Amino acid sequence: MLIRVPKGTQDILPEDISKWYYIEDIIKEILNKYGYKEIRTPFFEYTDLFVRGIGESTDIVTKEMFTFPDRKGRSLTLRPEGTAPVVRAYLENSMGRISKVIKLFYIGPMFRCEKPQAGRFRQFNQFGIEIIGTKSPAADAEVIITALDVYKKLGLKNLEILINSVGCKKCRFDYIQKLKKYLKDKKELLCSDCKMRYEKNPLRVFDCKKDGCQKIIEKAPLITENLCQECESHFAQVKSYLDDQKIVFHEDPRLVRGFDYYTKTAFEIISGELGAQNAIAGGGRYDDLVEELGGKPTPAVGFAAGIERMIIAIDQQKVKWPEEKGLDIFVAKVDEKNKDSAFKLLQKIRNAGLSADMDYSEGSLKSQMRIANKLRVRYTVIVGEEELSKNMVILRNMQTKEQKEIKIDNIINEL
Ligand code: HAM
């Protein structure tokens, strides 16, 4: 029986890889423009990093992590997200000493054991950015603007920005008491998960997808109506920076996002092209995470975006992908007798810096030409007995179909 890819994962096949290169190049181009430096952290971390970082009562930690013991029994987890690992690396490498503000980006696979559906995978790719070391609301605005800049360059339209403030430790503590009070006599009507959330972190009830819980939460007091002066002013400044840039956004006072680390700004960018899994990016400020993971109090803000969802949205919009670049040269042999000379020439062309290939099977010249066409090469060099005796080969322009004999020694210059 054929062994298939694990549920929720997929191969990225050669015919699709140019889409990935294209998107990754644009991401890197824009992020370099904004002054971010790439960081690559391991694909797995000690489980504790995510439990402490993301929060015990979140769906990710309670249900979605791929966790396994190493040979010594230490618990490891495939990274479900990039923020906690980046903060761990920031602390472990004392990056705060290099510069007060550090701007990092990452691109790579994340792993969540969710129920797979269109646009939702168990292994998916994110690109994300983190600005560590500033509490400025301009940084919150910058991360949103950066995401939009990437989407603009990719031609993605039909996007909506949802924004909220989830307050800070101080105002959230008072708010949670109010929320608990509101939920207290409705507790029995909540789903079993939300009963647990009520005890551990009632803010998570906003995250519940169940209709019953959504109905209950509809009339709950809102965090935005209970912000402290500092959080309120921060939120107002973020919105004003966005207004200045003519960025249209919608305030969603129920947006809490599925991580406990958020403070103040939380946002999501949704795409009208994506169906149920419509979040194309999400992020926010996390001013307490560095301290929670053992560092000095250090404010930070960032976001991450799903690359598969970007590809789906681009395909939906029928935006044209750039044409894949073909090889420069194909070396064809008239006869099997010429294969060694053809191979030598092939290497000479490659060593000169051009991309080139040949067919090692015993195909006819016609079949080799078919391969050359498939590879969309610019020129084919035909190696035949008669020309070789004169130290020459035939050069065929695959577009104009023109052919001419040229000296082997001149071939690199000619190409
Ligand atoms: P997140 O909202 O969990 O945030 O993920 C960001 C994006 O990753 C989502 O908007 C979505 O496009 C994509 N994504 C998430 N789960 C899946 C999945 N199962 N399949 C396909 N795509 C998915 C974070 O991960 C935070 N670390 C963002 C952040 C960075 N906050 C501050 N800094």
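Before the first topic, a definition: an axis here is a line fitted to C-alpha atoms, for helices over the stretch in contact, and the angle between N-to-C directions runs from 0 to 180 degrees. Keep in mind that this is a predicted model.

Start with the helices. Helix α1, residues 14-33, packs against helix α6, residues 137-153, at an angle of about 140°. Their axes are 10 Å apart. Angles over 145 degrees would count as roughly antiparallel, and the value for this pair makes α1 oblique to α6. The crossing of α1 past α6 is right-handed.

Which residues make the contact? On α1 they are Y22, I26, I27, E29, I30, L31 and K33. From α6 come T146, D149, V150 and K153. By class, the residues in the contact of α1 with α6 split into six nonpolar, four charged and one polar.

Strand β5 has two pairings to show. One is with strand β1, residues 37-38, in the parallel sense, over two bridges. Within that pairing, E38 has F105 of β5 as its bridge partner. The other pairing is with strand β6, residues 123-132; β5 and β6 run antiparallel and are joined by 10 bridges. As an example from there, L104 is bridged to E130 in β6.

That is what I have; questions are welcome.

How values were computed:
Residues are numbered from 1 along each chain as its sequence is written. This is a predicted model: local features need pLDDT of at least 70, side-chain atom pairs count only at pLDDT 80 or more; totals for chains, interfaces and linings use all residues. Side-chain values use heavy atoms; hydrogens and water are left out. Helices (H or I, at least four residues) and strands (E, at least two) are DSSP runs, numbered from the N terminus. Angles under 35 degrees count as roughly parallel, over 145 as roughly antiparallel, 65 to 115 as roughly perpendicular and the rest as oblique. A crossing is left-handed if the near helix is turned anticlockwise from the far one by less than a right angle, and right-handed if clockwise. Contact means heavy atoms within 4.5 Å. Ala, Val, Leu, Ile, Met, Phe, Trp, Tyr, Cys and Pro count as nonpolar, Asp, Glu, Lys and Arg as charged, and the others, Gly among them, as polar. Two strands pair if DSSP finds at least two bridges between them.
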